[in-house]
Amino acid sequence: MCAFAVDESTERFMSRNSDIADMQAIQEFIDEGLVREVLNVIKSGKEATVYRCRAHPSLGAKYTAVKVYHESGFRNFGNDAVYQEGRVILNGQVRRAVRARTEFGREAQLALWVDHEFEALSRLFEAGADVPEPFACTERAVLLEYVGDGQSAASQLQHLELEPGEAGDLLGRLLWNIELWLAHDTVHADLSAFNVLFWQGRAKVIDFPQWLDPRFAPAARRLLERDIRNVGRYFARYGLDVDAAGVAADLWRRFEYGELG
Ligand SMILES: Nc1ncnc2c1ncn2[C@@H]1O[C@H](COP(=O)(O)OP(=O)(O)OP(=O)(O)O)[C@@H](O)[C@H]1O
Ligand SMILES: [Mg+2]
């Protein structure tokens with residue numbers, strides 16, 4: 001039996017079956033004593049719905065974000081061979097089920113993606129990167145630091161106009177992050193100003209499930225350059241020019257020679 005305090009928009013939202021499944025996913029965090037109640041939907045997309053929740057005091061924050069993955073939506077990753085390269089499923093039963101696309105296989109693959117995002121966030125947060133602190137994960141959801149306040153969640157950088165003078169520093173900081181991630185064997189692989197949250201003058205990069213390990217994934221070099229190009233595209237409006245090919249080449253060379261970090 002689940003008990004939730006929900007606002008009107010969330011109530012409307014819960015009329016669909018998938019949303020009831022979302023609430024069941026969040027209930028696991030409530031049962032673990034990490035979350036008090038669901039407050040509202042921050043954003044719902046094809047892959048996931050992100051909720052703002054009241055955190056349990058033990059978390060040390062007033063609010064927390066829960067990203068619940070949709071079983072029907074995550075096919076984007078599953079069908080994209082690029083993101084599968086270099087990844088190995090060690091459990092034979094799971095491997096066969098994923099390949100056969102059985103229901104168990106889909107659930108198992110979803111859990112692998114959730115776990116993959118949580119793993120990257122944990123490693124990068126620990127390394128000092130500008131990512132939300134990850135608190136916990138289940139097979140369907142990640143519990144992480146909420147970026148925003150009681151009135152509103154942080155905006156995606158894409159939808160923001162920065163103050164004069166802010167842009168250069170922020171660009172430098174994002175490039176610093178990309179280098180730090182690479183030094184920790186991580187290429188985001190879906191980086192753009194849509195996946196950067198900006199709050200009180202600071203950036204937090206989100207949405208890591210498709211990250212690649214550059215030691216093993218052949219597409220990592222190309223996607224590193226694409227990430228840098230996407231970031232550069234946003235900053236072009238401030239007259240800042242990023243030589244994505246040059247930056248990526250330099251980073252990759254230093255990565256290969258073990259000169260990063
Ligand atoms: N920790 C957070 N704090 C506040 N808002 C968040 C947080 N994480 C995600 N969001 C909001 O939810 C949106 C979707 O999150 P995310 O990009 O991780 O999921 P997604 O399913 O991949 O979405 P999309 O397909 O839109 O990229 C973000 O753009 C942001 O608006
Ligand atoms: Mg996103």
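**Exercise 1. Find which side chain makes a polar contact with the side chain of Arg 254, and state whether Arg 254 is buried or exposed.**

Step 1. The side chains of Arg 254 and Glu 179 are joined by a polar contact of 2.6 Å, where a polar contact is a pair of N or O atoms within 3.5 Å, and within protein one must be able to donate a hydrogen and the other to accept it, while residues adjacent in sequence count only if both atoms are side-chain atoms.

Step 2. Arg 254 belongs to helix H9, residues 244-256; helices (H or I, at least four residues) and strands (E, at least two) are DSSP runs, numbered from the N terminus.

Step 3. With a relative accessible area of 18%, Arg 254 is buried, since buried means under 20%, exposed over 50% and partly exposed in between (1.4 Å probe, protein chains only).

*Before going on.* This is a predicted model, in which local features need pLDDT of at least 70 and side-chain atom pairs count only at pLDDT 80 or more, whereas totals for chains, interfaces and linings use all residues. Residues are numbered from 1 along each chain as its sequence is written, chains are lettered from A and ligands numbered from 1 in the order in which they are written, and side-chain values use heavy atoms, with hydrogens and water left out.

**Exercise 2. Determine which residues coordinate the magnesium ion (ligand 2), and where they lie in the chain.**

Step 1. Asn 195, through OD1, and Asp 207, through OD, coordinate the magnesium ion at 2.1 to 2.2 Å; donors are N, O and S atoms within 2.8 Å of the metal (3.2 Å for Na, K and Ca), and water is not among the atoms, so sites may look incomplete.

Step 2. Asn 195 sits in the loop between helix H7 (166-183) and strand S7 (196-199), while Asp 207, 12 residues apart from it, sits in the loop between strand S8 (202-205) and helix H8 (220-235).

Step 3. Asn 195 is buried, its relative accessible area being 8%.

**Exercise 3. Describe how S7 and S8 pair.**

Step 1. The two strands run in the antiparallel sense and share four bridges, where pairing requires that DSSP finds at least two bridges between them.

Step 2. Phe 198 has Ala 203 in S8 as its bridge partner.

Step 3. Two residues stand between the strands of this hairpin, in which Gln 200 takes a positive phi near 50°.

**Exercise 4. Identify which side chains have a polar atom close to an oxygen atom of ligand 1.**

Step 1. A polar side-chain atom of Gln 156 is 2.6 Å from an oxygen atom of ligand 1.

Step 2. For Asp 207, an N or O atom of the side chain is 2.7 Å from an oxygen atom of ligand 1.
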